[in-house]
Amino acid sequence: MASIVTWGLRRGKAAVPRLGVGAGIPCDAIPHQAQWWQSPAFLAALVLLSALPLLWPDIPPLVDLPGHMGRYAIQTGIDHSPSLSRFYAFEWTLMGNLGVDLLVVPLAHLFGLELATKLIVLAIPPLTTIGLLWIAYEGHGRIPPTALFALPFAYNYPFMFGFVNSALSAAFALIAAALWIRFGRQGRLHARALLFVPISLCIWVTHVFGWGVLGLMAFGAEYARLREAKGTAAKAFVEAGFQCIALALPLLLMLVWRSGGVAGETGDWFNLPAKLSWLLLALHDRWRIFDIVSVAAVIFLLMEGSGKRMEVAPTLAVPAILLFLAFLLMPRILLGSAYSDMRLAPVAFAVALVSLRPARDAAPGFMRFLLVAGGIFLAVRTGANTVSLALFDRDYGRELAALDHVPRGARLVSFVGKSCDPVAASSRLDHLPALALVRREAFSNDQWDLPGAQLLRVQYPAGQPFVRDPSQLVTPSTCRPDYLSLDQALVRLPRAAFDYVWLINPPAYDSRLVQGLRPIWRSGTSVLFAVQPAGPHGRSRP
């Protein structure tokens, strides 16, 4: 990071070599035996390796993904399911958040919903890897060894959180940015302008986040190219903006999408402690200290880049600077979308890493060090992600056994234990109840119902207030204002509105509050209760 900022401050002709066709480290400056990492076979192996952590789990154990799968089940099955149409309404409309939602429709008919979702999510890390490798090639003329440090960011914290539409759009944006840089380097500006009108539209439909990433990277890369070609910062700035008009069509769609009073909340500006946390947790999965140490190693490498042994590619360095600036300036909640700034941090890190390369006069030993260290970093992170997701998959399998005892179309209310510590490691179970929608067409009280951000509406007034996210999340006590304690939830629960109560990894609770509920399945502390019918005089409150 420091190297890129330093380059931006002291930018001059002598700071970096002029970029053109085949720019970067000359082939004769690299020992022949060191070029194996640039071979097509090795690069293909890196792309395949990026899929490894997701091969074993039947359902990718990402925090929000089961909730999204519940929505996919509704959108693909509501027309022929009386149960789903009883509880939910769904209406398609054009919006900037439809990537996986659209892809899953045809694939679900071919493979079933669960396998279709897995195949789409499984493709996101390889697509991200392809994008990072391609922009590295376009920026340097070859793949630098620093790219090995960037590839683990395919499994970043937002992806593990289950933001699959924005993760997919970011992968598309990286690939599109590489194509943008290539066309600019070749001088094919008219063809690029025509091609990127539909490309920008498709990425915006996938998720508006990817469109924003593409815009920042395209402008930054074009500015760097024009700055070197023309030398005048003002002219380069204006012409780069003119070139990016080809990406502007989604602005009109944004006005339509966010019109009519559904713009959504925007707030929590300049929350610096939170932003520092997002930076340190950019690779967060399961083991917090390990993940923070991994990011620290990346920051150390970026700082090392400010020395004489490293240099940067301007067409990647300027986009990296813009991504970091956008991360700092963006609020946490943007147009109703939470964690908007958090999603930018891993992309900024990855682009910053691939912008670095060893200097042309660096010692061959330094090149070997980068290759070995990068290979170890990639292997360790990939192995850790693989083990972590396999362990979460085991937890999923154990808890989902409860659904074998839930009939189709049941009215199910679920409560998932949540720690009072806001920085505690996630159990990835927050939206597991939504798989009752997928497997049993049962009601689930964890679906998002946000005007302007979702196509789904919950229509089950009898279950109020336990009908939508985050009513499924409960804590041991009243320690977090956004969630009820489990005791509070059980007291307020309208039992007549539900047939089953599912407690998933629950905190301790008063056993008297489950009187009148019959346990029909247990696993550890998790339990599935059947609601007993009311007596002739009604059910008394606990």
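Predicted model: local features only at pLDDT ≥ 70, side-chain atom pairs only at ≥ 80, totals over all residues.
Biologist: How many residues has helix 10, and what is its reach from first C-alpha to last?
Modeller: Helix 10 covers residues 189-206, which gives 18 residues. At 1.5 Å a residue, 26 Å is expected. The reach is close to that, at 25 Å.

Biologist: Where in helix 10 does a kink lie?
Modeller: Look shortly before the proline Pro198. The kink there is about 35 degrees. It lies at Phe196.

Biologist: Is Phe196 buried or exposed?
Modeller: Buried means under 20% relative accessible area. Several residues of helix 10 are listed as such, including Leu189, Arg192 and Ile199. Phe196 is among them: buried.

Biologist: Are helix 9 and helix 10 roughly parallel or antiparallel?
Modeller: Helix 9 spans residues 164-186 and packs on helix 10 at about 175 degrees, with the axes 10 Å apart. Contacts involve, among others, Phe172 and Trp180 of helix 9 and Arg192 and Phe196 of helix 10. Angles over 145 degrees count as roughly antiparallel. The two helices are therefore roughly antiparallel.

Biologist: Which strands are the edge strands of the open sheet?
Modeller: Six strands run in the order 7-6-4-8-10-9, with mixed pairing. An edge strand pairs on one side only. That picks out strand 7 (484-485) and strand 9 (517-523).

Biologist: Which residue of strand 10 stands opposite Leu517?
Modeller: Strand 9 pairs with strand 10, residues 526-531, in the antiparallel sense. Six bridges join the two. Opposite Leu517 stands Val531.

Note on methods. Residues numbered from 1 in each chain as written. Heavy atoms only, no water. Helix = DSSP H or I, 4+ residues; strand = E, 2+ residues; numbered from the N terminus. Expected span 1.5 Å × (residues − 1). Bend = angle between axes of the 7 residues up to and from the residue. Buried < 20%, exposed > 50% of the residue type's maximum accessible area, 1.4 Å probe, protein only. Pairing = 2+ DSSP bridges. Axes fitted to C-alpha atoms, helices over the stretch in contact; angles between N-to-C directions. Parallel < 35°, antiparallel > 145°, perpendicular 65-115°, else oblique. Contact = heavy atoms within 4.5 Å.
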